[in-house]
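Let's work through some exercises together, one step at a time. Keep the sequence and the 3D view open while you read.

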Amino acid sequence: MAAQAHEGLAHTVRRLWPADRTAVLNYFLRLDPETRASRFMGNVSEAGVRAYATQALTAEGVMYGAFVGGALRGLGELRPMGPGASRYVLGPHAEAAFAVERAFRRRGIGAALFARIARSARHRGVVDLHVRCLSGNGPMLRLAAKHGAALQHEGREIEGALHLARPTPFSLWYEGIAEAFDFTLAASFPEQMRPPA
């Protein structure tokens, strides 16, 4: 719900909806091979990316996008890790995954996505938010540590867990307002679905 500026570059983070499918596909296809491999924890073909992007917005969980100049430049996902998930409650354990296009890093976009995902998880019944990344993914490791995640090395992968505070009546109300605002932004600015020039 927030528009933020960092080093002269404004970005807006909002929830993604099924109407954003084209923007999501174009975003994944634009990722350079290293960023794509970091996001998917290994090499993924273009066909695999297309298949994933096709179902990503309708799968269990929630997705958030960071828009710069109307184009999707960063994407975060919040997915349940066990049974019992519903449209509004993901269960006690969920996993976060996200990536930012290389040219748009170090501008606060990753931090804004992480904060939005953590807030969303808190209000969807998540107690422990998990992140996994390859051991060489320095930006993700720094973000997870900055937010207080306990990190454990497991071979070439690192897993972190962030224990979330319980929501309050005010924070639940604010989350509802944020979701409504996100939907209004998506409906009001359909040009954000177009591929960037």
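## Exercise 1: Loop residues

E101 is buried, at a relative accessible area of 9%; here buried means under 20% relative accessible area, exposed over 50%, and partly exposed in between (1.4 Å probe, protein chains only). This is a predicted model, in which local features need pLDDT of at least 70 and side-chain atom pairs count only at pLDDT 80 or more, while totals for chains, interfaces and linings use all residues. Residues are numbered from 1 along each chain as its sequence is written, and side-chain values use heavy atoms, with hydrogens and water left out.

**Task.** Where is E101 found, and how many residues apart in sequence are E101 and R73?

*Step 1.* Find the loop between β5 and α4, which holds E101. Helices (H or I, at least four residues) and strands (E, at least two) are DSSP runs, numbered from the N terminus.

*Step 2.* Count along the sequence: E101 and R73 are 28 residues apart. In space their C-alpha atoms are 5.7 Å apart.

**Task.** Is R106 buried or exposed?

*Step 1.* R106 also belongs to a loop, the one between β5 and α4.

*Step 2.* Its relative accessible area is 71%, so R106 is exposed.

*Step 3.* Check the backbone too: R106 has a positive phi, near 60°, and is a residue other than glycine.

**Task.** Which loop holds M41, and is M41 buried or exposed?

*Step 1.* M41 sits in the loop between α2 and α3.

*Step 2.* With 16% relative accessibility, M41 counts as buried.

*Step 3.* M41 is not a glycine, yet its phi is positive, about 60°.

**Task.** Where does G82 lie, and what is its relative accessible area?

*Step 1.* Look in the loop between β4 (71-80) and β5 (93-100) for G82.

*Step 2.* The value is 31%, so G82 is partly exposed.

*Step 3.* G82 and A94 are 12 residues apart in sequence, and their C-alpha atoms are 7.8 Å apart in space.

## Exercise 2: Helix pairs

**Task.** At what angle do α1 and α3 pack?

*Step 1.* Locate helix α1 (residues 21-30) and α3: their axes are 9 Å apart, at an angle of about 155°. Axes are lines fitted to C-alpha atoms, for helices over the stretch in contact, and angles run from 0 to 180 degrees between N-to-C directions.

*Step 2.* α1 and α3 are therefore roughly antiparallel to each other. Angles under 35 degrees count as roughly parallel, over 145 as roughly antiparallel, 65 to 115 as roughly perpendicular and the rest as oblique.

**Task.** How do the axes of α2 and α3 cross?

*Step 1.* The axes of α2 and helix α3 (residues 46-56) come within 13 Å and cross at roughly 50°.

*Step 2.* That angle makes α2 oblique to α3.

## Exercise 3: The whole chain

**Task.** How many helices and strands does the protein chain have, and what percentage of its residues is buried?

*Step 1.* Count the elements: the protein chain has six helices and eight strands.

*Step 2.* Follow them along the sequence to get the pattern β-β-α-α-α-β-β-β-α-β-α-β-β-α.

*Step 3.* The protein chain has 197 residues, and 45% of them are buried.
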